[in-house]
Structures are given as C-alpha cells and as structure tokens.
Amino acid sequence: MLVTIAIASTAPLKAAERRETVSLNLVDSDPAFPVLGNHYMNGFFEGYHAIVRYVRTADTPGVDEGVLLISKRIHCEGLYGVGFVLYPKNNGGLVSRVQWAVPDGRDFERDSVESLRGVLDVALPSGSGERKKSVLAYGLGSDDRRITDLVYAERDGETVIQGYTVEVTVPPSSSARFWRSFGGIVLLNGLGEIDYMINIGTNTDDWKYPLSVAGFKRKLADGMTLDANNFTTNCVGHVYSGNLYYNAARSNGYGFFRSMMFSIGGSLMWEYLGEFKEEASLNDLFTTGIGGALFGEALHQTGLFVEKNMSPGFFRSALVLVIDPFRVINRAIDRSCSSSYKINVSFVSPAQAAAEGLRRRQ
Amino acid sequence: MKERGGVHCGSALRLAVALTVVILCAPPALAAVDSAPEMQIERVLADYARVLSTRGWKVFRDEPGALRAYRLRNDYEELRTVINGSRDGDFETYDISMSYDGTERERSFRIRKAGSDTAGTDPLRVLLPYLLEALEYRGPRRLSAYEASVSAGYNRFHEFEPYPRWRIGTLQLGFDLLSDPARHLNEPRTVLSLGDYFHFQGYLNLSPEWKDVWYDFTLLLAGMQTLAPGADRPARSVFGLFSGIELFRPSLNFKEFMWSDGTYEDHPHIQYFLLKPFVPGVIHQWGRDRRYSLSAFGTAALSVNSSLCATHVTEAEEDDLSPIFRSKFYGNRRQNFYYSWSIPLALSFAADRIGPFRLKASYRVYYFSPVEEERAYDILNVPGGSVGLYLVRGVLATAGYEYWHVYSRLQEKTRQYSWHRVFFGLECKIGKGAHSPGNG
C-alpha cells in the first residue's frame, strides 16, 4: 500500500513534465499586408514546438484555443508599420496580451523577425519542450532590453500587475557585425598593400614566389618560416596592425577570444595574400594574431577608461579616435543604423477578458 | 520455501519502511505541490538570478530570500535584494527591499492564493517585473573600477653613473591603468572572469638622439578572489590565470639600431618582446586599508630578444658566429635579435600611504633561450624600487632606481653588462578613481 502511495505521489509530477503541444494561430487582419502569412510561407514558424495554423480573419479562433498572434497595419512613429498582438494560451487565470509595433523602416524585415522570435520564444515551448526561465526572465536576458512603465493596481485588497513595457534596442545583426569586422580587416590590408607597393624597393629582398597559382601552391607547400625582418617591424608594427584587426571586431561587439580570431584571420590574409610573393612568416602570425589581440584589448580598455572619465565632446572623441579608431567609426555607424521598438505587455483579469469577449474577431 | 518466503516478506517490509521514510522526508515539492511563500520567493529569486547572470552579474545566494549581485564590467555595480513572505488567510504578502548602488526601494505585494499560472495570480509574474525594473534605477554611490595615473619626469640609463647629469638623459612619459573593480567586493570567495582585472603600464623615453619604450599589459583570463575573515577591509588574495604582452625597445633616432656601434655607454644593449599567453599569478593585499600589496607572476613565454654576444661585433667577426647570432641582414640594415622561448618572472611589493609616502620595490628576471638549435641563453635581471611623496591628494613626486644586468652565453663565450637607470618626476592620478588604493 505504501508503494502505491509513493507512486501516486510522484505520478502527477511525471504528468506535469510531459510535453504539451500548443496550437499557434496566425491571423493577418489586413490581407493586403500579410506579414505573418509571408513568414508562415517562409517556414519561420517551423522551429517551434507548436501546431501552426494560418487562418482567415473571419475564422479567428479564441484565446482558449491556443496562442493567438494577430498582425495589423498601423501608423507607428510617423511611419506606416505593422502592429502585432499576441495572446498567450489562456489557462483560466489572467489573460496576457502582448502587443508591439515595428515601423516600416529600412530594417523592418530584421526587426519584425527579431521581435517575433523574441516574443514567441517566451510564449511557446522551445524545440526541446522545456522552458527553463519564466516568460519575463527569458525576454529580459539582455542589456538591450529594459523594462519601463510598470503599472500595479490595488484591487480588492490584492496587488495586481496591469502591465509594463519592454524597450528593445536592436543591435546590428550578427551577419552585419561579421561583415563590418571583415570589411575593416580588408580595408586595413588594402591600405597595407598600398604602403607595401610604395616601399616596394625594400620588400623585393623577401620575394620568393611568382604571382601565379603555381607560386601560391608552392607557398602553401613551403609552410611558414621565421623571418629576419626589422625588430620594429616585427614586434611593434605587426602588433599595432594586429591591434587594428582585433578592434575592428571588438568594436563590433565581439568578445576577446572571437576578436582574436579576427586578428589571426587578418594576419593570415596579409601573410598569404598581402605579401603574396614572400614566405609566410610564423613569427608575424604570432605577433599580429595573438600579440595584436592583447595589445588591442589594452587599447580597447584604455579607450573605455577615457570615455568613462571624460565628458563627451570633441576632445574625448579625438582622444578615443587616436587610441581605438574603429571604436569611434563603428559606434557612429551603429548610431545611424540601430533601431528600437517597444513591447507592451498587459494583463487582463478574467472578468475583463470576458467583457472583451474571448473570441476576438478583427 | 517457507523460509525463503519469509525472507521475501521481510524485504518487502523493509522496502516499505524505507519508502515511508523517503516520502516523509522528501521535500514538499515531491510530496505535494506546495505554494508556500518561501517556495515562491525562491522561484522569483532563481529567475532573477538567471537574468542577472545573463547580463554579466556575479550572483551570490547563500541566505534564503536574499540575493547579492555584483557587476564588474569596466565598472563596479552592487545590487542587494531581500524578499520576506508571509501568509495571511487566502493572501500572501511579499515585502521586497532592494538597494542598487545607493538607491533604496521597498514595496509590499499582497497576492491571492499564490501558485502557478493556472491558479490565480502568479507571484513570479507580479514580483519579477518589479525586480527587473529596479535595474533602471542605479544610485549615485559609484565606486571606480580604475586606478590610473600619468607621469612625466627625467630618466637616464648609464653603465657607471647612477645619477642624473645636466643635459644628459631623456624626458620620460609614463602611463598606468589598473582596472580592479573586484577590490570593492566583500564576499569571502568570488570567481573572477575574463577582463575582471587588467593592468596596462608603460613609459616612453625621448631625447634628440635616443628613444626607448617599455610597456606591459596583463589581462585576467580566469581567477579567484578570496578575502580573509576580518574587519571592514580584510586581507585579499587574487589567484589567477592571466595573459600578457611586454616590450622593451630602445633605438637611436634617425638611424637604424646598429648593434656593432660603439655608442651604447649611455644606453642599454638589450631589447625584448614577450608574448605571454598564459601567466599564473597571485596578488595579495593586506594591512589597514590594504596599504600593502605583493604580487608574483611567472610563466613560459614566446619571445624575441637581442644578445650581448652579438654586440660590438664587426661584420668580419660575424662569420665565426652561429647563424642566429649573426646580425640579421635585411637590405642594408643590420640588427641583432633571435627568436626565443623565455621564462619571465616578476615580483613586486608596494606600501601606500605610509605617512605621506608610497614605497615600491620590484624584481624582474627574464631567461631567454633560442628556439633554434644553439647552446646559448641570455638572462636579464632588473631589481628596482621607487619612493613617492604625496604632495597633494593624487599627486606624487617620485624618485626611482633600477639596476639592469644582462648575462649572455653563446657556446663557450660569455658576456655581461649592467646599467643603472635613475628616474624622477611627478605622477598624477587621473580619472574618477583619482585616489590612492588605500582610499578605496
């Protein structure tokens, strides 16, 4: 009998752990702007553990039938835009309503996808069926999101949360950050190549391979060597150029080790393409790739120190430009192309939900 | 059979008793779903801790209902949260008190029938936004992550004369930037991560005919800080794995460094570049206001350095030398260096605010050995010290001395040189952390 009790005590837990398949209903209230329909056709929703249906406005399901996501054409920040309203599955308690708008600007595609992904990640179970954090904790796990306009009310002796706003700053996409970093390195190596050509007289001593495919194959086959270049070139110049490669990536949001990969990559590009006719130098790879990363981090941190300790203005910018030029350049680019939007989360009491009507027809 | 059956029944009984004990001792969650305020508080704080950790905070949770968190990302931020819960009939009351760098917030929440999303109002949904919103209200109590200074003064290297001479010597410009926000922590044990500590120091010597530059950058990769049990600012130790880079490069102006020139009486004959990927190190600070500091770093490094065994060598004499010790011919330039692996060790001691003085002593030693096959090595020893006098808050007059000694060996040939380096000048603390370490 005791065994039976033990099994009975643990059985509900096992049932609770069972994965639940959620129904996700998509509705574009303006058929002329089928944002959700397009995403549906593109397979955007396939990564979610949910039964996804794209339904016509007339057949809009109720919130008790699953997660309901509606898009509508609106005016937003002086532009046309698309507003989204999401009703997570109503389990008999408070009904959540999450709504946000994305202006129809240059980054509409990226912003709408990012915001949809961000909100759906908290409304739907992940592919593994697990959600390790609460909805809010998941949504705010980044410094790019901040919570504002938090509203509570005292109702019938009870503290009730009515809603809040999550301000989302959309950083450059990962592909944009990569290509900007890569572009910086190509630019640096291009400038290096110009300098190489200007001083070609001093560089011809090291030439060993013809400018041809066969020459390149021979260069690859020969591997790398320790060169006998000037100490200053090897231990000062290469470290400084490695610092620039590193900070081209670091100022694009990469961390220490990832940025070091860029400085190593930049060095390889220079050794194998920039100095095409020379033997690739192993010591240059170390001093540029690793030494440049360490020296670059030192200058990156020095730039941060200056910014934290000087008032904004011309002199501060000029000083940081000298210390860490890519930081100034990339931040200016970030300012010109970053975007943001707000997600409003509101909670509706059961009575209010009933008053609004659980079947929300558009 | 009967006996065996009796044994079987006895086993079943023991199993049943064991299960009873297990069930009775099991946590409430196993026995039944319990929505006691304590459990709800733990849910809320667990989620809060996850958000904070994702945002780079170091979270400490060693008391029920309490959370302490620190963020050391180029800054020092301190957050404390305490939630108390009580049950009052159908209601539960949660009292939150928080402080974030001096901003105090308190609020009481009365919630009906706490449980989960499916049973009325979820405390998580009500409390967590309040805790997260608090991150937007940082207080004015800012402790600087940095200690930084710039300096300017006189410097002279010489083989025999350990003192300054009029119109001989160089203008020295120095820079020191230390980021060590963890020094403000008052936790007995803290795991430090990449970038939580770094030290960038260097100087540049300039004169019409000569210049030399030295810099050393140390970056923490991972480490641990421990505090000895004690009073307000107990003794502190940082054990870490660091990474670093160091350069000493002297050169003549307007012409390449010709190591066979006989012009080095007033200048060092050594240059080196060290790449230190992994440096185990320890920093220990103790005494009132942690005014005493001792640090030790040692590692194996990749390096490039010159050798005394290839100085003052004529071109004709070079033919007898090992190829790696021949002057490197590159176009019409000649120089002296070889690629090496090395063992750099650095010990330093500082005592700050001893009356109006700051005392520093250091000892650096470098062992270089060529990566190419050659029976050779170079050893550089640099013991030194300095005295600083606080003129006003954040401004010191400093005077220092270093003894540089190089011993070189190439096969059976040995050579050694030494130089005295004297320097004095003014050092000025800069930045919002313009203070002596003792003042926190």
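Of the 440 residues of chain B, 34% count as buried, a residue being buried if 20 or more other C-beta atoms, placed from the backbone, lie within 10 Å of its own, exposed if 12 or fewer, and partly exposed in between. The model is predicted, with local features requiring pLDDT of at least 70 and side-chain atom pairs counted only at pLDDT 80 or more, while totals for chains, interfaces and linings use all residues. Residues are numbered from 1 along each chain as its sequence is written, and chains are lettered from A and ligands numbered from 1 in the order in which they are written.

Chain B contains five helices and 21 strands; helices (H or I, at least four residues) and strands (E, at least two) are DSSP runs, numbered from the N terminus. Of the contacts in chain B with a separation of 6 or more, 62% involve residues 24 or more positions apart, where two residues are in contact if their C-beta atoms, placed from the backbone, lie within 7 Å.

The largest nonpolar core has 131 residues, and those with the most contacts inside it are A:Leu69, A:Leu294, B:Val44, B:Tyr48, B:Leu127 and B:Leu132. Such a core is a set of buried Ala, Val, Leu, Ile, Met, Phe, Trp, Tyr and Cys residues joined through C-beta atoms within 7 Å. Helix α10 (residues 282-309) of chain A gives the most to this core, with 11 residues. Beyond its neighbours within four places in sequence, A:Leu69 is in contact with A:Leu24, A:Leu26, A:Leu36, A:Phe84 and A:Leu86.

In α10(A), 24 of the 28 residues are buried. The end-to-end C-alpha distance of α10(A) is 39 Å, close to the 40 Å expected at 1.5 Å a residue; the expected span is 1.5 Å times one less than the number of residues. A bend of about 35° occurs in α10(A) at A:Gly292, taken as the angle between axes fitted to the seven residues ending there and the seven starting there.

The buried residues of α3(B) include B:Val44, B:Tyr48, B:Val51 and B:Leu52. These buried residues fall within an arc of 160° seen down the helix axis, so they line one face of α3(B); the arc is that of the directions from the helix axis to the C-beta atoms. After α3(B) comes B:Gly56, with a positive phi near 95°.

Most residues other than glycine have a negative phi. In chain B, phi is near 50° for B:Asp101, located in the loop between β4 (91-100) and β5 (103-112), and near 50° for B:Gln411, located in the loop between β20 (395-410) and β21 (413-430). B:Asp101 is partly exposed, with 16 other C-beta atoms within 10 Å, whereas B:Gln411 counts as exposed because it has 12 such neighbours.

In chain A, strands β6 (residues 145-155) and β7 (residues 158-170) pair in the antiparallel sense over nine bridges, pairing requiring at least two DSSP bridges between the strands. A:Glu154 stands opposite A:Thr159 in β7(A). The hairpin has two residues between the strands, and A:Asp156 there takes a positive phi near 55°.

A:His39 belongs to helix α2 (residues 35-41) of chain A and is partly exposed, with 19 other C-beta atoms within 10 Å.
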